[in-house]
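Please look over the sequence and the model shown below. The report after them is meant for reading side by side with both.

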Amino acid sequence: MENYQDLPLDLFEKAEVNLDEKEHIAKPSLTAFQDGWIRLKKNKAAVVSLFILILIFLFAVFGPIFSSYDYAKTDYHHTFQLPSREHIFGTDQFGRDQFARIWYGTRISLLIAFAAACLDIFVGVTYGAVSALAGGKVDAVMQRIIEILVGIPSLIIIILLMMVMPAGIGTIIIAMSITGWVNMARLVRAQILKLKSQEFVLAARILGTNSRKIILKHLIPNTMGVIVINTMFTIPSAIFTEAFLSFIGIGLSEPRASLGVLINNGYQVLHNFPHLLIYPAIVIVLIMVCFSILGDGLRDALDPRMRK
Amino acid sequence: MKKLSLFILIISIVLIGLTGCSGSKESTTTAPATVSTESVSEPTVEATAETEKETVATEENVPTEPVTSGVPETASGTITVYDTNEIRTLVQWAASDTQSFTVLNNVFEGLYRLGIDHQPEPALATGYTVSDDKLTYTFTLRDGIQWSNGTPITAKDFVFAWLKQMGPDATNGYSFIMNDYIVNGTEYNEGKVKAEEVGVKAIDDKTLEVDLKTPTPYFIRLTTLSMYFPLNEEFVTSQGDQYGVKAENMIYSGPYVITSYDPVVGTTLEKNEKYWDAANVAVKNVNIKIIKDQSAALNAYKAGELSKVLLSSTDVAVYKNDPEFHSQSEFRTTYLQFNTTAKGLDNVNIRKALGYSIDRSILADTILADGSAAAEGLVSFGVAGDGTSTFRELNGNLSPFDPEKAKEYWAKGVEELGEAPQLTLLIADDSVTKTVATFVQSQFKDNLGIDVAIDSKTSKARNELMDNNNYQFAITAWGADYDDAMTYLDLWTNGTPYRGNYSNETYNKLIADAKKETDEAKRLTMMLDAEKILLDTDAVISPLYYRGFAYLQKSNIENLVTHPFGNPIEFKYARIK
Amino acid sequence: MGKYILKRILYLFITLLIIITATFFLMKRLPGTPFDSERFSQMPPQQQKQLLEKYGLDQPVSVQYLKYLNNLVHGDLGVSFFYTGRTVKDVIFGRIWPSVLIGLQAVLLGLAVGLTLGIIAAWKHNSGIDYFTMVLAVLGVSVPNFVVAALLQYYVGLKWGILPVAFWGTWAHSVLPSIALSFGATAMFARFIRTEMLDVLEQDYIITARAKGLNQFQVLMAHAVRNSIIPVVTILGPIVVNLLTGSLAVESIFSVPGIGSLFVESIKSNDYATIMGLTIFYSAFYILVVMIVDILYSVIDPRIRIQGNKDE
C-alpha cells in the first residue's frame, strides 16, 4: 500500500478527544485509610480478631445486662462457688458473681489501657520524633531528660500522688503515664534515626519535599510498625501495672474491680479455686491475642511499602 | 550469627564487668550461667539435678527425696520455721517487730520466761520478793548463769540493758514499756536525772532491785519481754556499731545461739551449751527462713523443707481434717476507730449504728476463716481476768450484731444531724485489711443501706492522715504486749487524733485509779467499767475480730509453743519424736 | 569516639546529680517518719523530738541535703533505718548478687530463645513455627510472671522434684526464678526481631544479595539479622535494667534474697538512706546501659554515626 494518500477520506473518521474521559479514574479514589481497610479485610485472622474484640467490648459494656447479679452484691451463703448454672463463672470470696465482675473488670481495664496507650502514643511518638529529627544538642538534652525521668523512682512519685489525689481511675492513669511513654519515645527515636539516613528520604529531600511532608508522609508511616507493636505491649503492661498499683494501694477501691485485680485475687486462691484465676486470665489472653493479630494486620495494611 | 554472638558476648562482658565490683564475697557459681548463650534448658536440668543432691546432703532436715507426699521425718533434731518478713535487727533496743522478737526470745533470756501454758516461770532469776506497798521488787539471780562466751551474767547486765532501753539510744519506740513503770525512767530519758537515780539497781552480782511508780500486778510478765533481757556492757561496748549486725558480734544468754544471721535469708540457731537449763533443750538446730509468699511456703512445707506452715483461709477448708492441722488465736484486736470530731461521726448514734450493723461471725468464720474469732469487745479472748474467768467472760459481748438496732440508731442519728452523713473508711493497703474493709462495706450496704467509700493508703500515709485528724473512721489493730487488759485500755487516755480525739473524764479517771489500785479485784472492776464506757456508752471504737492463725505442723513435733502475745515462738520446749 | 564517650560520662554525672536532688526532695515529702508509725505516734512529743534529733531529721531539708551530698562525695551512703546498724552499702551489696545472677540468666535465656525463635519465624513466615512463636510471644506478655513462677514452683519444684522449691543457696536454686523471669523478655525479643526481619527481608539490598547468588544462610546472617537487630538493642537496655534490678513477685515466690523487694520496702518504710542508695545505683546503672546501647548502635549499624562528632 504505497499510495495510501489515494485512500478515500471517508474511510477515516476524526477521533473525538473527550477530555473528561481521559481523566476518568476507573478505580474509586481511596484515602490511605480506606485503602488500608480494604487490605485489612482480606486478612481473615485480623477480621476474626476484630470481631472477637468487638464482642468483648460489647460484653464489657452490656455484660451486666446478661447477668442477673450486680458486680458488687455480696452473698455470704454462697462464697467460692464453682461455676454452675446459677453463676456461670462461679463466685468469689464474698459470694459476688464472677461473671458480672469479669465484665465489669474488663470495662475498667480496657478504659485504663486505652487511656494509657493513647497518652503513650501521643507523648512518646512526638517526643521521640522531635528528638530524632532535631538531632545534635536538642537530642542530647531530650535523652538526658528521659534518663532523669527514669532515674527518679516512680513509686515515690506515685505515693506522693496518692496523698493528694483520691484512689481512682484518673489517679491510676496519671501514675502510669509519668514514665510509661519513655519506651515508646526511645523506640520511635531509634527507628527514625535509622530511616533518616535512608535513600528514599534523601531522594525526597533532593526533590524539594519540605520537612513537614517528609515527617508525615515518609517517616511516620514507616515507623508505624514499631508504634503499633509497642502499643500492643503497652496495653497488657498497662493492665498489669494497674494490678500492681492496686496491690500496693493506689489502685481501685473495693468493690470495683479490674482484670488485673481479679487475676491478683485469683492467684491468692490458685491452689484451691483455680477458676477464679482462669476465667479472667482467659479474657486477658484473648484480648492480647486479638490485639496482636489485629495489630500485625494493621501494620501490614497501613505500611506504604506493602501497597501493590 | 558470628556478629550476633559477638554482640551478646560484648553485652555479657560489659554487664559482668559492671556487676563484678558489686558481686561482693559470695563467689558461688556464675560459670554455668554464662557459658552458653545458645543452649536452652535441657543441659541445665542435668547440671542442676546433681547440685540438688548436694543441697540435700548438706541440710540434715531435708529428706533425701524431696519429691512430694508422705511425711518426711524431721530427723536429727532440726526444726525449720519461717517468717513472712525480714528479720530487721537483733539489737534489742532497736527491735520492734515480731520477726526480731522471735529470734531474740530464743537466744536471750530475761528474769522470767513464759512457759508452755503462757504463764511466766523463773528463768535467769530464781524468784523475787515484793514490798508491802507493791512498789519494790527484789530479784535473786540463778547461780552459775553465764553468757555464751563464758562471762558470768550479773545483775549489772540487767541494769545496763534496761538503762539502754529507757535512755535516748532506744529507737524501737518501746521505752514506754519501762518508763511508764520504773521510777525516774521518763526523767532519765529526758536527761533530767542521772543513771544512779533510776529505779533499777544492782545490789550485788546476784541481786537486782527495781522501784516502781505504781503497783503493777503484771510486772513479772513484763520481764519476759525482749526489752527486759540483760546485755553485757563490756561486750556490747566493745562491738560498737557492729553489735548485733552479725552472729559473731553477739553473745547470748538464752537456750540457743545464732550461727548465722542475714536479715533477708533468715537465721540459723544452735543449742547453747552454756545455758543453765540446757539439759531440757531437746532440739539441737533451728532454722528460721524468710518466705513472703503464702503458697510458696505451703509448697516448701509439702516438699519437707519446713516443719510448720501457716494456712490461708481457702487452704483451711482443704486441710481442716488433716491430723497436722492446728489453729490458735492471738491477743490482737482489729477494730474500727471512729474519729469523734469528724463530721457525721461526732454523733454517737451514727457510731453505734455502724457498730451494730456488722455481723462479725461471718467475717471470722466465712471471710477470714483462718482461726480468727469474732470480736466481742476490745480486750481479746483469753486475756487474764480474776484468775478463774477471763476478762472477756466477765465483761460479756459488748459488740453484738443487731441489724434492727442498727437501723434504729441510724435513723435517730440522721434525724439529729439533719441529713445522712457521707462516710469514707480509711485503711492500710495490705490484703487482709482490704478484705476486711470490703466485708464491712458490704455490711453497711446490706444492713443500713448506705454506700461507704474505702480509701486505701500505705500504712505510713494512713497513720499520718490519722495523726493529722484528717479521717472519719479507720481500721486499726492493737496487739497485747503483755497479758493484761491495761495493755489495751491505756491507749484511749491521751485524747490524740489517732485515738479518735476521745476524751472522757470518767474514763481517764477509771484508768488512772486502776493504775494506782493495789487491790486486784477493785482494779479489775475499774477496767471492766472502762471498757464498757469506751465501747457501749461512747462507742469510740467498734471491735471486729481477734486475729488467729491456722497452720500445719509435722506430726512428729511436740510442744512447739506459740504465745498469743509478746514474743511469739518458743523453741525451748519443743520435742521431736 | 573517645571524646564522645568522655562527654557522655560528664553528662552521666550531671544527670545523676539532678536525679539525686529531685529524689531527695521528693522523698522527704513522703508521709511519716522512718520509725515504727504506731509506736511513734504513741510516744510523748519530747521523745519524738529526741529521736528526730538523733538522726538529724529535725533540720531543714536543704541542710540535710547538703550533708547527704557531702557524705556522698566522701563515699558514705549512710546507715539504714530499717536494718538497724547496717550501712546502706552493706544492705544493697548484700542483695544485689542474687538479683543480678537471676536477671542475667533471664536476659541471656530470653535473648537466646527469643532471637532464635523470632529469626526462624520471620524466615519461615506463615509456617507452623511462625504461629508457635506468635502464640508464645503473646502468652509471654499476657500471662503475669507470678503465675508462671507459681506454676513452675508447683510442677517442677514440688510435683516432679527436679529443682529446689524455693530458697537461695546453690546454683540450682537460681534456675527456676531465672526461667520465670525470662518468659516476658523472650516474648518481647521474639516479637521485635520477627517484625524487624519481615521488614528487612523485603528491602532491595536483600533482593540484591540474593540476586548476587549468596546462599540463603549468608543472606540471613550477614544482611537480614544484622539490620534487624537495632530495635532489639533499643529495648535491650530497659529490659536488662529491669531484670537485673530484680522482680518483686518472682523473688518473693522463690524466696530469693534479691533487691527487687528492697525498693518497695524502703519506700514504704521511709528508709531514706536506702532509698537514695538504691536510686543512685539504679539510675547510674540505667544511664550506663543506655550509653552502652547508644555506642553499640554505631557498631552494629554502619549508617548511624554518633552525632556528637559532627556537631562539635
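**Basis and confidence**

This is a predicted model, in which local features need pLDDT of at least 70, side-chain atom pairs count only at pLDDT 80 or more, and totals for chains, interfaces and linings use all residues. Residues are numbered from 1 along each chain as its sequence is written, while chains are lettered from A and ligands numbered from 1 in the order in which they are written.

pLDDT is the predictor's confidence in each residue, on a scale from 0 to 100. Chain B has a mean pLDDT of 83, and 87% of its residues reach 70 or more. Over residues 1–75 of chain B, the pLDDT is below 50. That stretch still has 86 contacts in the model beyond near neighbours in sequence. A contact here means that the C-beta atoms of two residues, placed from the backbone, lie within 7 Å.

**Strands of chain B**

Helices (H or I, at least four residues) and strands (E, at least two) are DSSP runs, numbered from the N terminus. Two strands pair if DSSP finds at least two bridges between them.

Chain B holds an open sheet of four strands with mixed pairing, in the order E1-E10-E9-E8. Strand E1 (78–83) and strand E8 (256–262) of chain B each have a single partner strand, so one side of each is left without a neighbour in the sheet. On average, neighbouring strands of this sheet are turned by 15 degrees against each other, direction ignored. Helix H4 (residues 98–107) of chain B lies across E1, E8, E9 and E10 of chain B. H4 of chain B runs at about 145 degrees to E8(B). Axes are lines fitted to C-alpha atoms, for helices over the stretch in contact, and angles run from 0 to 180 degrees between N-to-C directions.

| Strand | Partner strand | Bridges | One bridge pair |
|---|---|---|---|
| E9(B), residues 266–271 | E10(B), residues 285–290 | five | Leu269(B) with Val286(B) |
| E4(B), residues 125–130 | E5(B), residues 136–141 | five | Gly127(B) with Thr140(B) |

E4(B) and E5(B) form a hairpin with five residues between them. In its turn, Lys134(B) has a positive phi of about 60 degrees.

**Helices of chain C**

Chain C has 14 helices and zero strands. Its C-alpha trace spans about 85 × 65 × 30 Å along the principal axes. Of its 312 residues, 54% count as buried, meaning that 20 or more other C-beta atoms, placed from the backbone, lie within 10 Å of a residue's own. Among contacts in chain C between residues at least 6 apart in sequence, 74% join residues at least 24 apart.

The axes of helix H7 (residues 145–159) and helix H8 (residues 172–201) of chain C come within 9 Å and cross at roughly 145 degrees. In H7(C), the residues that meet H8(C) include Val148(C), Leu152(C) and Val156(C). Those of H8(C) include Ile179(C) and Phe183(C). By class, this contact has nine nonpolar, four polar and no charged residues. Ala, Val, Leu, Ile, Met, Phe, Trp, Tyr, Cys and Pro count as nonpolar, Asp, Glu, Lys and Arg as charged, and the others, Gly among them, as polar.

**Chain A against chain C**

The contact takes 41 residues from chain A and 41 residues from chain C. H5(A) gives the largest share of the chain A side, eight residues. By class, that side has 26 nonpolar, eight polar and seven charged residues.

Technical notes:
A residue is buried if 20 or more other C-beta atoms lie within 10 Å of its own, exposed if 12 or fewer, and partly exposed in between; C-beta atoms are placed from the backbone.
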